[in-house]
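Have a look at the entry below, and then at my numbered notes.

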Amino acid sequence: MAMEATAIRFAPDEKTWIQSYADFCGKTFSDVVREAALEKVEEAADLEAYAQALEEDDGIRYSMDEVMRMAMMAE
């Protein structure tokens, strides 16, 4: 996958802290920042999906026994 460069500004102490973490993990500075940003975006998408699921919830609940019974009948 082709990558594009993007400039992000950090205070010197922030950059040092992130670089120390990257070194500890055996990763590059860019990898650590990229992973953190993508995790944040994925978390927001998950929260949005959860909120939508709650809106669509019909309130029906099944016990584990009922789920197992339905699964067995579906086979």
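Which residue's side chain meets that of Arg61 in a salt bridge? The partner is Asp57, with N to O at 2.7 Å; a salt bridge here is a side-chain nitrogen of Lys or Arg within 4 Å of a carboxyl oxygen of Asp or Glu.

1. Some ground rules before the rest. This is a predicted model, where local features need pLDDT of at least 70 and side-chain atom pairs count only at pLDDT 80 or more, while totals for chains, interfaces and linings use all residues. Residues are numbered from 1 along each chain as its sequence is written, and side-chain values use heavy atoms, leaving out hydrogens and water.

2. Helices (H or I, at least four residues) and strands (E, at least two) are DSSP runs, numbered from the N terminus.

3. Please look at the overall dimensions. The radius of gyration of the protein chain is 22 Å, whereas a compact globule of 75 residues would have one near 11 Å. That radius is taken over C-alpha atoms, and the globule rule is 2.2 Å times the number of residues to the power 0.38. Along the principal axes, the C-alpha atoms fill a box of roughly 60 × 30 × 25 Å.

4. Burial comes next. Of the 75 residues in the protein chain, 7% are buried (buried means under 20% relative accessible area, exposed over 50%, partly exposed in between, with a 1.4 Å probe and protein chains only). The protein chain exposes about 7,100 Å², and carbon and sulfur atoms supply 58% of that area, by the Shrake-Rupley method with a 1.4 Å probe.

5. Back to the salt bridges, of which a search of the whole structure finds three. In the pair that opened this note, Arg61 is exposed at 56% relative accessible area, while Asp57 is partly exposed at 35%.

6. Arg34 forms a salt bridge with Asp31, their closest N and O atoms being 2.7 Å apart. The two are three residues apart in helix 2 (residues 29–56), so about one helical turn separates them. Arg34 is partly exposed at 33%, and Asp31 is partly exposed at 26%.

7. Glu35 and Lys27 also meet through their side chains in a salt bridge, at 2.7 Å from N to O. Glu35 is partly exposed, with 32% relative accessibility, and Lys27 is partly exposed at 33%.
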